Amino acid sequence: MSAQQPSNALRREIEIYNSVEELSQAAAERFISASDVAIRARGRFTVVLSGGSTPRSLYSLLATEPRFSRVDWRRVHFFWGDERSVPPIHKDSNFRMVRETLLSKVNPPPTNIHRIPAEKTVASEAAKAYMEELKSFFSLQEGEWPRFDLVLLGMGPDGHTASLFPDTLVLHEATSLVAAPWVDKLKSYRITLTPPALNHAAHVLFIVAGPDKAPALREVLEGSFRPETYPAQLIRPLDGKITWMVDREAAAQLHTGK
Ligand code: 6PG
């Protein structure tokens, strides 16, 4: 079931699925069709991957038949929306999770993997290096933004997305592509794409599942605009589409889902 917003609103879709499995299968189809369109049009598909646990089943579905053969993995360029300030072999590394569930199975050309170098001891140095990689890959001039074909995002129970956490300065970032915020609740630095870097994407796909997300999802989608408290509200593609793919448990408090 989906609820399309009126055309004059942000091009937002909300799709509610019976389970994480169904959600992941539908998200895999979106990934595959987005890769088709991008590769036909530009010979490549640029996708920003999310960390966390929800996307694991999506990545595993893409890495196995019958879906594996439906993507030209040689033409897919992988980016990350955020990373923990840890080496790529660390158990908490988003890169490690994606390598284990997807990259080790689809084996793209190594030059297609644009990892956030979070092993750098200074998080701001990692952010700077990732920003340089983005500027080089997209041949960005000063003041220009990358237009990712697809951005996958999750949402925490507190309404954060990527590493855009409530009440952090990065929520107000308007000029940098990448930031390295200190997240006090985690007592650690993170490296993250900024709101404008995410909002220049062609398509943003949120995948949200589980009852613990229901209160924040209601506030993000149906509450007043309070991005300091619910940073996921900042994600509003300027010239693109946003699709919320959620399971019934996460959607339990939505009026849309009634
Ligand atoms: C991360 C993610 C983060 C994640 C949410 C939801 O680094 O953890 O970027 O934004 O998407 O915390 O995580 P789950 O999908 O595991 O609930």
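## Close-up views of a predicted model and its ligand

View 1. A polar backbone atom of S53 sits 2.7 Å from an oxygen atom of the ligand. On its own the ligand would expose 410 Å², and the protein buries 88% of that area.

View 2. For A162, a polar backbone atom is 2.7 Å from an oxygen atom of the ligand.

**View 3. The shell around the ligand.** Which residues come nearest to the ligand? Of the 16 residues around the ligand, these are S53, T54, D82, R84 and K213. Sorted by class, the shell holds 10 polar, 4 charged and 2 nonpolar residues.

View 4. Stepping back, you can find 6 helices and 11 strands in the protein. The radius of gyration is 17 Å, close to the 18 Å that the globule rule gives for 258 residues, so the protein is as compact as a globular protein of that length. Along the principal axes, the C-alpha atoms fill a box of roughly 45 × 45 × 35 Å.

View 5. Of the 258 residues, 54% are buried. Among contacts with a separation of 6 or more, 73% join residues 24 or more positions apart.

Definitions and conventions: Residues are numbered from 1 along each chain as its sequence is written. This is a predicted model: local features need pLDDT of at least 70, side-chain atom pairs count only at pLDDT 80 or more; totals for chains, interfaces and linings use all residues. Side-chain values use heavy atoms; hydrogens and water are left out. A residue is near a molecule or strand if one of its heavy atoms lies within 4 Å of it. A polar contact is a pair of N or O atoms within 3.5 Å; within protein, one must be able to donate a hydrogen and the other to accept it, and residues adjacent in sequence count only if both atoms are side-chain atoms. Accessible areas come from the Shrake-Rupley method with a 1.4 Å probe; for residues, only the protein chains shown count as cover. Ala, Val, Leu, Ile, Met, Phe, Trp, Tyr, Cys and Pro count as nonpolar, Asp, Glu, Lys and Arg as charged, and the others, Gly among them, as polar. Helices (H or I, at least four residues) and strands (E, at least two) are DSSP runs, numbered from the N terminus. The radius of gyration is taken over C-alpha atoms; the globule rule is 2.2 Å times the number of residues to the power 0.38. Buried means under 20% relative accessible area, exposed over 50%, partly exposed in between (1.4 Å probe, protein chains only). Contact means heavy atoms within 4.5 Å.
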